[in-house]
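I opened this notebook to record what I looked up in the structure shown below.

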Amino acid sequence: MIRSRLIAAAFLLGVVTAGPVVAQDVATGEAEAPPAPPPSVEEGLAGWQLFYEVASHPRCANCHTGADNWPMWSGPSYGKPQRHGMNINAGDSRVGAEALVCSTCHVTLSAADGGPDPLPHAAPRAATPWMLAPVETEWFGKSSAEICAQVKDPARNGERTIEEVIAHVEEGAFQTWAWNPGGGREPAPHSKQEAIDALSTWAAAGTPCPEE
Ligand code: HEC
Ligand code: HEC
């Protein structure tokens, strides 16, 4: 009787300890599955090209301007590219603090305000105070190679890893505006998700840059 209980207990113990062993085998089996091969340099360059089409589009580039601190008005709804009307200059502050601060006209949206202003020629509004991007992120009129080198350079991209650049494109209020600008403006090309996927492919391929 005692002996048969012992056997039963040993049997049960065996079942219990077998659990983790099986789980471990499964885990090891998964780890041994061959990883997906990284994208090729060509695939990485194609990913970059898609993002370049976004970055160089007026909905993004009009704010990513250089050391003269001029915001730009360009794209189909503006005719030929020109400096922001009303002699608006962002100054070294990039937010217009030296003269007229951008948010005087470009309202900062709260959740209750809903989306972008639907009226043509109204000052675009976003969920963060309107301002130019930092001088070192100049994209307006720059080549694909130049923008590519800047985006992956921590000294010029706000000390971001590529993953953090991708997260910024995903979460930034200005990006959300650029793909849904309102007022009849042409949105940035592709979609935010396509831009994120393209940047991820570019990153996984080792961030290759085109020659020009
Ligand atoms: C006096 C009001 C006013 C101020 C101040 C102002 N803006 Fe504007 N801004 C406008 C208006 C109005 C438009 C839209 C014009 C149109 O669509 O015809 C505009 C459009 C823009 C655009 C074009 C967006 C696009 O469609 O691509 C940019 C970029 C911009 N402003 C940047 C700035 C920056 C940066 C500042 C601060 C340095 C600033 N603005 C200050 C009124 C203003
Ligand atoms: C209203 C002006 C404005 C518009 C429009 C805008 N940006 Fe920016 N952008 C900024 C500012 C300001 C920063 C700096 C924010 C920071 O570093 O936190 C920035 C920083 C960035 C950065 C990180 C720095 C870098 O160059 O790697 C990326 C990436 C970026 N923007 C992408 C975009 C893309 C893509 C679009 C269009 C879909 C866009 N931005 C449209 C103002 C703008």
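Which residues come nearest to ligand 1? Of the 25 residues around ligand 1, I found Pro 71, Ala 90, Gly 96, Cys 102 and Cys 105 to come nearest; a residue is near a molecule if its C-beta atom, placed from the backbone, lies within 6 Å of it. Two or more residues of this shell come from each of α3 (58-61) and β1 (72-75). Helices (H or I, at least four residues) and strands (E, at least two) are DSSP runs, numbered from the N terminus. By class, I noted 16 nonpolar, 7 polar and 2 charged residues around ligand 1. Ala, Val, Leu, Ile, Met, Phe, Trp, Tyr, Cys and Pro count as nonpolar, Asp, Glu, Lys and Arg as charged, and the others, Gly among them, as polar.

I recorded the conventions next. This is a predicted model, in which local features need pLDDT of at least 70 and side-chain atom pairs count only at pLDDT 80 or more, whereas totals for chains, interfaces and linings use all residues. Residues are numbered from 1 along each chain as its sequence is written, and chains are lettered from A and ligands numbered from 1 in the order in which they are written.

I then checked pLDDT, the predictor's confidence in each residue, from 0 to 100. The protein chain averages 88, and 85% of the residues score at least 70. Over residues 6-25 pLDDT stays under 50, and the model has 0 contacts there beyond four places in sequence; a contact requires C-beta atoms, placed from the backbone, within 7 Å.

Around ligand 2 I found 21 residues, of which Cys 60, Cys 63, Ala 133, Asn 157 and Ala 178 come nearest. At least two residues of this shell are supplied by each of α2, α3, α5 (162-171) and α6 (173-178). The shell divides into 14 nonpolar, 6 polar and 1 charged.

Last, I looked at the strands. β1 pairs with β2 (residues 79-83) in the antiparallel sense over 3 bridges; pairing requires at least two DSSP bridges. The two strands, β1 and β2, form a hairpin with 3 residues between them.

Note on methods:
Two residues are in contact if their C-beta atoms, placed from the backbone, lie within 7 Å.
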